[in-house]
Amino acid sequence: ALNALGEPGRLPAVMTGAHSVHARKERPARKTGFLRRNCPRWARKKIFSFSAVALWGMYGIVVSQLYVLGYYMFSYGPTPAPWHYYMIFVMDLPLLIPLVQCWRLKHSGRAGCAFWVMYSWVLSLKTLILYVDVLTSEQLTARNFFGPKMLQFFWGVTAILYTFLMFRSSKQIFGRMDATVELDHLFHTDMTWHVILDYLDMSFLLMYKRDGQYIANQVVDQFSEQVDLIRIGIGLNIFLGVFFHSVSFPRVEITYQQDGDKLMIMRVETDKSGILQNAAAAAEVDQEALELEQRELLYKQSMEMVLARKRSSLVSIFFVDMPAAAVRSYVAYLTQVAEAPFSTDPFVAKNLVSLVLQAIKLRQVQAAEFETAQKLERLDQKKRERQGLFSAE
């Protein structure tokens with residue numbers, strides 16, 4: 001095709017009525033990745049997808065953490081092992097029920113919430129034993145492969161486990177796993193980041209039980225009574241932080257199901273026989289009432305997300321950042337008085353910044369809670385008006 005200057009240009013247009021259709025060049029074949037070329041569809045979905053990797057990561061973390069923390073308790077704890085050591089591992093057995101239920105992606109929100117609550121309670125008890133019995137053991141040295149740093153690492157992978165749980169729960173909460181700009185999804189992601197930082201923060205606090213780690217030996221020698229009180233406070237701080245962060249997971253009361261071209265929202269308890277399956281069944285239902293019910297379920301789940309973010313902020317402020325900042329500041333003061341070499345704890349900056357951010361986020365969450373409550377109130381008023389009209393007829 002030549003333009004007016006006799007140079008190659010656009011292909012001539014073919015006029016069809018009022019439309020002009022340009023001849024199209026053949027597009028090159030679409031490039032496919034290695035997995036798409038060499039793996040069947042079921043393998044890409046069940047093994048190599050992000051949700052599958054998160055699932056296998058969850059199972060791997062739970063099993064490895066169960067084994068490693070148990071090894072520390074029975075190897076470096078008192079001999080013979082007390083009876084409550086065995087009781088704690090018996091308490092791990094109920095965790096298998098929601099953990100197995102997380103296999104199905106559409107149930108991963110509700111099962112993940114149940115698992116996280118029970119897991120946090122059990123982990124808080126294990127943390128108390130590790131802090132009191134294991135970290136004070138003289139046999140636990142840095143020369144061992146399973147030393148203090150390895151204990152800190154395997155305790156800190158709880159943050160990764162929480163990330164996987166929250167990622168998979170988004171399918172049941174939002175009906176999709178990719179990120180959106182909705183307020184609920186932003187709260188969901190923001191809460192995940194803050195809980196991750198809190199667990200990493202508490203993993204560093206565990207090392208305050210060891211002499212010479214973040215508390216210099218000179219400080220321990222000169223201020224032994226104050227150091228004992230500091231360590232008691234840190235142990236209580238970590239125990240309460242882990243225990244109450246169990247509420248940092250939204251409860252899920254809805255699920256999604258594809259109904260033709262629509263994505264229907266329903267309560268988890270709804271029997272499948274009562275779900276609209278096709279357009280013919282949907283035509284027999286009052287569409288306005290159905291829309292109001294869908295909106296009510298969506299608003300209630302949104303309120304639960306807002307409340308979960310609010311609970312998470314309160315736990316972070318009062319059980320993690322505020323006491324941790326006070327402890328680290330007091331240790332820095334004692335270190336200066338003792339004229340000992342100062343070992344910088346990087347999370348002291350996190351505590352100070354997080355206190356400000358959590359306070360700001362708390363105000364935003366309160367505003368979102370008020371707005372969602374107003375939406376539910378207006379929706380309830382509209383439903384009462386409709387019931388009044390039907391009663392009058």
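By what are E371 and K375 in helix α14 separated?

Reply: This is a predicted model, in which local features need pLDDT of at least 70, side-chain atom pairs count only at pLDDT 80 or more, and totals for chains, interfaces and linings use all residues. Residues are numbered from 1 along each chain as its sequence is written, and side-chain values use heavy atoms, with hydrogens and water left out.

E371 and K375 are separated by about one helical turn, because they stand 4 residues apart in helix α14; helices are DSSP runs (H or I, at least four residues) numbered from the N terminus. Their side chains meet in a salt bridge, 4.0 Å from N to O, the term denoting a side-chain nitrogen of Lys or Arg within 4 Å of a carboxyl oxygen of Asp or Glu. E371 is partly exposed, at 42% relative accessible area, and K375 is likewise partly exposed, at 31% (buried means under 20%, exposed over 50%, partly exposed in between, with a 1.4 Å probe and protein chains only).

Salt bridges that share partners also join D198, D201, D321, R328, D345 and K350 into one network. Within it, R328 pairs with D345, their closest N and O atoms being 2.5 Å apart. This pair links distant parts of the chain, 17 residues apart: R328 lies in helix α13, and D345 in the loop between α13 and α14 (347-392). Both R328 and D345 are buried.

Helix α13 (residues 287-338) also holds R295 and E291, 4 residues apart, which form a salt bridge at 2.8 Å between the closest N and O atoms. The whole structure has 17 salt bridges.

Key: Helices (H or I, at least four residues) and strands (E, at least two) are DSSP runs, numbered from the N terminus.
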